[in-house]
Structures are given as structure tokens and as C-alpha cells.
Amino acid sequence: ASGARVTPAAPAARGREVQIYATGLGELDGRQAVRPVTAELDGRPVAVTAVEWVDDQPGVYRVRLTVPTLQAPGAGISLVLKQAGAASLPVSMAVR
């Protein structure tokens, strides 16, 4: 992940890691979320590689995930995070 913002004009590349910033992921063990976080793109599971606390932003977590190489490209790919049976609201993500 280069830290560049993902937009329709600068979509995420398939096979590359992206960072998602989220709140409300609960308790930490050191810098890691205690309860596992999963992710879905267009309803299909995506590999979450890390969930970390952001040092200078209390209550903010960085979720790292890899965009599947077989992910269909598009500007309105639905991304959902899940934890302990609860799902986030979907957000749109552009993929090339």
C-alpha cells in the first residue's frame, strides 16, 4: 500500500494491498483488535492481512486487505467490514 487515496480516477489495483480506516472495532491487545475483522468486496470474502490501531488517531483502526486478483474491475465495488456478527455500512471502492 502506497498510502495513495483510492478514487475512481486512481482505482486500487487487483492483487495489491489497500488500507481502510475504520472506527468502532473495539478492544485491543497491544496494537491489534481482539475480535477478528473480515471483509467482503461485492459480497465475496477478501483476505484481511492486519487490523491495527493508528498511533496518532485515538479510536481509529487501519484495516489492511488485499484486493483479489480475480476481482472484477469497476468504480462502485461494495466494501463491507464485519466483526462479531455485525457488518459495517457498505462503501464504494474503485478497482482496476
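Author: Ala12 counts as buried because its relative accessibility is 5%, where buried means under 20% relative accessible area, exposed means over 50% and partly exposed lies in between, computed with a 1.4 Å probe and protein chains only. This is a predicted model, in which local features need pLDDT of at least 70 and side-chain atom pairs count only at pLDDT 80 or more, while totals for chains, interfaces and linings use all residues. Residues are numbered from 1 along each chain as its sequence is written, and side-chain values use heavy atoms, with hydrogens and water left out.

Ala12 belongs to the segment before β1 (17–23); strands are DSSP runs of E with at least two residues, helices are runs of H or I with at least four residues, and both are numbered from the N terminus. Neighbours within four places in sequence aside, the residues in contact with Ala12 are Val6, Val18, Val67, Met93, Ala94, Val95 and Arg96, contact meaning heavy atoms within 4.5 Å.

Of the contacts in the protein with a separation of 6 or more, 56% are between residues 24 or more positions apart. The protein has zero helices and ten strands, and along the sequence its pattern reads β-β-β-β-β-β-β-β-β-β. Its radius of gyration is 13 Å, close to the 12 Å given by the globule rule for 96 residues, so the protein is as compact as a globular protein of that length; the radius is taken over C-alpha atoms, and the rule is 2.2 Å times the number of residues to the power 0.38. The C-alpha trace spans about 35 × 30 × 20 Å along its principal axes. Ala12 is buried, and 31% of the 96 residues of the protein count as buried.

Arg62, in strand β7 (residues 60–66), counts as buried because its relative accessibility is 15%. Its side chain makes polar contacts with the side chains of Gln19, at 3.3 Å, and Tyr21, at 3.2 Å; a polar contact is a pair of N or O atoms within 3.5 Å, where within protein one must be able to donate a hydrogen and the other to accept it, and residues adjacent in sequence count only if both atoms are side-chain atoms. Beyond its neighbours within four places in sequence, Arg62 is in contact with several residues, including Ala50, Val51 and Glu52. Glu52 itself lies in strand β6 (residues 48–53) and is buried, with a relative accessible area of 16%. The side chain of Glu52 is joined to that of Arg64 by a polar contact of 3.1 Å.

Two loop residues complete the picture. Most residues other than glycine have a negative phi. Asp42, in the loop between β4 (37–41) and β5 (44–46), has a positive phi near 50°, and at 35% relative accessibility it counts as partly exposed. Ala84, in the loop between β8 (74–83) and β9 (86–87), likewise has a positive phi near 50°. Ala84 is exposed, with a relative accessible area of 60%, whereas Ala12 is buried.
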